[in-house]
Amino acid sequence: MQRDGAARWRWLPARAANFASVAAIALTAFSVLLIAAGKNPLQAYVDTIVYVFGNAYGFSELLVRMTPLLFTAIAAALPARIGLINVGGEGQLYMGAWLATAGELALHDHSAFVVLPALTVLGFLGGGLWGLIPALLRALRLVNETISTLLLNYVAPLIVSLFIFGPWRSAESSSYPQSPAFVDAARLPTFFHSRVHAGLIYALACLVLYWLVMTRTRFGLEMSAIGGNPEAARRLGIPVFRYILAVMFVAGGVAGLAGMAEVAAIQGRLVSELSPGYGFVGFLVSWLAGATASGILVMSLLFAVLSSVGDILQITQGLPFAVINILLAGILFIVLGRRPIAGAAR
Amino acid sequence: MSGALVLGVVASAVMSGTSLLYATLGEIVGERAGIVNLGLEGIMLIGAATGFAVTALTGQPYVGLAAAATAGTAVNLIFAYLVVGRRANQLASGLTLMFFGLGLSALEGRPFVGALIAGLPKVRLPGLGPAGLGGGFMNDDILVYLAVPTALLIWWLLFRTTWGLRLRAVGESPSAAVAAGLDPARLQYQALGLAGLFGGIAGAHLTLALTLTWAEGMTAGRGFIAIALVIFAKWNPLWAIAGALLFGGAESLQLQLQAAGADVSPFVMNMIPYLLTLLVLILWGWNRQSAAPAALGRSFVGVE
């Protein structure tokens, strides 16, 4: 389903204009719903613009929100290139955060030069190993990866809760269970007196790497071959089995980095409500972007802006953050409905 | 395990299995027509929120139930328009539907958080079971009683009527169905409308009979478990009864053990339904007999 995406992204200005019209339709429909619910959508949109673009801090928050989306979008895009559907970014994020926290608890006496690289590796490993489970089940042709990644999304947060309500529970917080605060050496550096953190650099590096691998290496070529026709690729001697495992490991690892960054930069400890659905939104970002690197960059930023509307609705109008999903889904509905009906649409 | 515990588990397995059964039956009808709907979770959420909100407003649980079924049908028809009318990708459309349901139900349910409702009235069937057996067994709401007959009805519709034969033909080979003079799109719309109806009812049973409260995202993956149950049931409504009971049992065993003060972390027990689902899928995968409709998940683009 991603194959035709790459071609479309070449006409970026045309795509941008097209997307703006889609967003306008969706925003209008969303406004009607909000009015019906007795809220003031225009006020929310104005508040969002003032909040996001009114000062440097608001804009920096946009970058903060964009960071996990970049990670989770890559986590969906990479498997999409070989025809796999990884909807498990959410669970992989949680497991990355979980293993990174285990690392912090074990290594917090060491200096930042030891702890931060260790946390990065562990965050990657946590998500990657979690991604290997559906990969193995798929490679052995036992369970379809779509359903297994979805199911595992519900297990990972329970593992996190098991530990923060149990062995990792901080003594200082009796009311709200969470792990002890990370030591300073285990905190990712932040920039410009904002919450923008080194995770953004990791994410952009991952995106560049993703682009390089897909366009400049043998791996990218072989992955496209598998995505195009797995049986033909197998006959060409491409190790499809190993690719499924490797790609899902790396993809899960990248989502795990998002979890690591959330605990090591934003929260500073492991908490049960780590992600408001970054894993799922990342999947949609990747899908809208046709799994291209440039598309992911643009779409993550756009979705970060749209999520800010959700923040505003929550803060100023007392609506649950989840309401923003209506707007995101509305945009996708229009995009899905507008795609030309073609034989390739499988 | 004491006798009371066993009876309690069975009674609450029936209770929590009911919602799963309706959801699974709806998904079976859709998939038999060749369409995978990953948005079932969203439909259930909308059914749960709509049913709860309307019941809280009107004080009439049956009105709430009807509203939930209507809302489920209406929203599933949006999905039907995308995947049938526009031939959009089924998986992406389904996931989008899940998001839509998550958001819409949160918006709908917000004013009713903490509201109190009476819930679906318990109906004691005359001549069925002595009063008070097992603390409430045979003293259930109408949806519980109708669950198994509905499964039989769906089985009969799919396998014993012309409509069912046509529907299955579309799911196996749309082009052959066209050659036989059928209209695949119309049958798929009908199937998805029915699937939405059942999805809405499944969600409503959660709020109107099981929890009697609304909480954001309260279906907690039951929609995805139901999709897995379709595979477990080999697309057969009769097997779906067994599947729903098994999974309802896993859920209720966990609740009963917790209530009995068993020394197992609640988080570990909450994992059971998901892990059991995965395990069942692995065992079924091992078996490797495909009972899936041949054209499942593919957009039908017409015949040349």
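Me: Is Ala291(A) buried or exposed?

Reply: A residue is buried if 20 or more other C-beta atoms lie within 10 Å of its own, exposed if 12 or fewer, and partly exposed in between, with C-beta atoms placed from the backbone. Ala291(A) is buried, since 27 other C-beta atoms lie within 10 Å. The model is predicted: local features need pLDDT of at least 70, side-chain atom pairs count only at pLDDT 80 or more, and totals for chains, interfaces and linings use all residues. Residues are numbered from 1 along each chain as its sequence is written, while chains are lettered from A and ligands numbered from 1 in the order in which they are written.

Me: Where does Ala291(A) lie, and what is its phi?

Reply: Most residues other than glycine have a negative phi. Ala291(A) has a positive phi of about 60°, although it is not a glycine. It lies in the loop between helix 12 and helix 13 (293-317) of chain A; helices here are DSSP runs (H or I, at least four residues), numbered from the N terminus. In sequence, Ala291(A) is 212 residues from Pro79(A), yet their C-alpha atoms are 9.4 Å apart.

Me: Phi of Lys234(B) is also positive. Where does Lys234(B) lie, and how many C-beta neighbours does it have inside 10 Å?

Reply: Phi of Lys234(B), a residue other than glycine, is near 50°. Lys234(B) sits in the loop between helix 9 (222-232) and helix 10 (237-259) of chain B. It has 17 C-beta neighbours inside 10 Å and therefore counts as partly exposed.

Me: Which residues touch the most other members of the largest nonpolar core?

Reply: A nonpolar core is a set of buried Ala, Val, Leu, Ile, Met, Phe, Trp, Tyr and Cys residues joined through C-beta atoms within 7 Å. The largest one has 213 residues, and Ile74(A), Ile296(A), Leu328(A) and Leu229(B) touch the most other members. Helix 11 (residues 240-267) of chain A supplies the largest share of this core, 16 residues.

Me: With which residues is Ile74(A) in contact?

Reply: Two residues are in contact if their C-beta atoms, placed from the backbone, lie within 7 Å. Leaving aside neighbours within four places in sequence, Ile74(A) contacts Cys206(A), Leu207(A), Tyr210(A), Val254(A) and Ile296(A).

Me: In which helix does Leu78(A) lie, and what does it touch?

Reply: Leu78(A) lies in helix 4 (residues 56-80) of chain A. It counts as buried because it has 28 C-beta neighbours inside 10 Å. Not counting residues up to four places away in sequence, Leu78(A) touches Tyr210(A), Val247(A), Val250(A) and Ala251(A).

Me: At what angle do helix 5 and helix 7 of chain A cross?

Reply: Axes are lines fitted to C-alpha atoms, for helices over the stretch in contact, and angles run from 0 to 180 degrees between N-to-C directions. Under 35 degrees counts as roughly parallel, over 145 as roughly antiparallel, 65 to 115 as roughly perpendicular and the rest as oblique. Helix 5 (residues 89-107) and helix 7 (residues 145-164) of chain A come within 7 Å and cross at roughly 25°. The crossing is left-handed, meaning that the near helix is turned anticlockwise from the far one by less than a right angle (clockwise would be right-handed). Residues of helix 5 that meet helix 7 include Tyr94(A) and Trp98(A), and those on the helix 7 side include Leu152(A) and Phe163(A).

Me: How do helix 13 and helix 14 of chain A pack?

Reply: Their axes are 9 Å apart, at an angle of about 150°. Helix 13 and helix 14 of chain A are therefore roughly antiparallel to each other. Their crossing is right-handed. Among the residues that meet are Phe303(A) and Leu306(A) in helix 13, and Leu327(A) and Leu328(A) in helix 14. By class, this contact of helix 13 with helix 14 has seven nonpolar, two polar and no charged residues; Ala, Val, Leu, Ile, Met, Phe, Trp, Tyr, Cys and Pro count as nonpolar, Asp, Glu, Lys and Arg as charged, and the others, Gly among them, as polar.

Me: How many residues does each chain give to the contact between chains?

Reply: Chain A gives 42 residues and chain B gives 41. On the side of chain A that touches chain B, helix 7 of chain A gives the most, with ten residues. The residues of that side divide into 32 nonpolar, seven polar and three charged.

Methods:
Helix = DSSP H or I, 4+ residues; strand = E, 2+ residues; numbered from the N terminus.
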